Amino acid sequence: MIFSIVFTTIIPLLFPWILGLIEPIYLSFYRAFEPTPLVFGLFQFVLLSLLLLIPTTCMGATLPLLTRFVSERLGSVGRRVGMLYGTNTLGAVAGVGLAG
């Protein structure tokens, strides 16, 4: 659980730096193959999807891990898990609202 929480905190802070590190990869691809805009866009999409795979997996794992923690440690599991999911949903709505 700690790994998931740390990863979801650190990766977003480092992501601009990480993007700078992979820029030479897709620029080298462009220079070597001179792909069409569609192929180059697909290459960038796949590259960034692979880059985001670990942090998004960790983000998706945090709520089930917290649910497991709540259900093992506290009484009235149904109410606690419902509150956890409700709070998560409200946080997601607030995040979307603040992001625009």
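Why are Phe 29 and Phe 33 separated by about one helical turn? In this predicted model, the two residues are four positions apart within helix α1, which covers residues 2–33, and therefore about one helical turn lies between them.

The setting for this pair is a chain that has three helices and zero strands, so that, in the order read from the N terminus, the elements run α-α-α. The C-alpha trace of the chain spans about 60 × 30 × 20 Å along its principal axes, and the radius of gyration is 19 Å, whereas a compact globule of 100 residues would have a value near 13 Å.

Four aromatic pairs are found in the structure. In one of them, the ring centres of Phe 29 and Phe 33 lie 5.2 Å apart and the ring planes meet at 50°, so the pair is classed as tilted; the reasoning rests on the cut-offs for the angle, since planes under 30 degrees apart would count as stacked and planes over 60 as edge-to-face. In general, the distance of the centres and the angle of the planes together describe a pair of aromatic rings. The two partners can also be described by their accessibility: Phe 29 is buried, because its relative accessible area of 17% falls under the limit of 20%, whereas Phe 33, at 59% relative accessibility, counts as exposed because the value is over 50%. Elsewhere among the aromatic residues, Tyr 26, Tyr 30 and Phe 40 form one aromatic cluster.

A nonpolar patch on the surface is formed by Val 6, Ile 10, Leu 13, Leu 14, Trp 17 and Leu 21, which together have about 610 Å² of accessible area. One of these residues, Leu 14, lies in helix α1, the helix that also holds Phe 29 and Phe 33. With a relative accessibility of 36%, Leu 14 counts as partly exposed, because this category lies between the limit of 20% for buried residues and that of 50% for exposed ones.

Methods:
Residues are numbered from 1 along each chain as its sequence is written. This is a predicted model: local features need pLDDT of at least 70, side-chain atom pairs count only at pLDDT 80 or more; totals for chains, interfaces and linings use all residues. Side-chain values use heavy atoms; hydrogens and water are left out. Rings of Phe, Tyr and Trp (its six-membered ring) pair if their centres lie within 6.5 Å; planes under 30 degrees apart count as stacked, over 60 as edge-to-face and the rest as tilted. Buried means under 20% relative accessible area, exposed over 50%, partly exposed in between (1.4 Å probe, protein chains only). Patches are made of residues with over 30% relative accessible area and no salt bridge: like charges are joined within 9 Å, nonpolar side chains (Val, Leu, Ile, Met, Phe, Trp, Tyr) within 5 Å. Accessible areas come from the Shrake-Rupley method with a 1.4 Å probe; for residues, only the protein chains shown count as cover. A salt bridge is a side-chain nitrogen of Lys or Arg within 4 Å of a carboxyl oxygen of Asp or Glu. The radius of gyration is taken over C-alpha atoms; the globule rule is 2.2 Å times the number of residues to the power 0.38.
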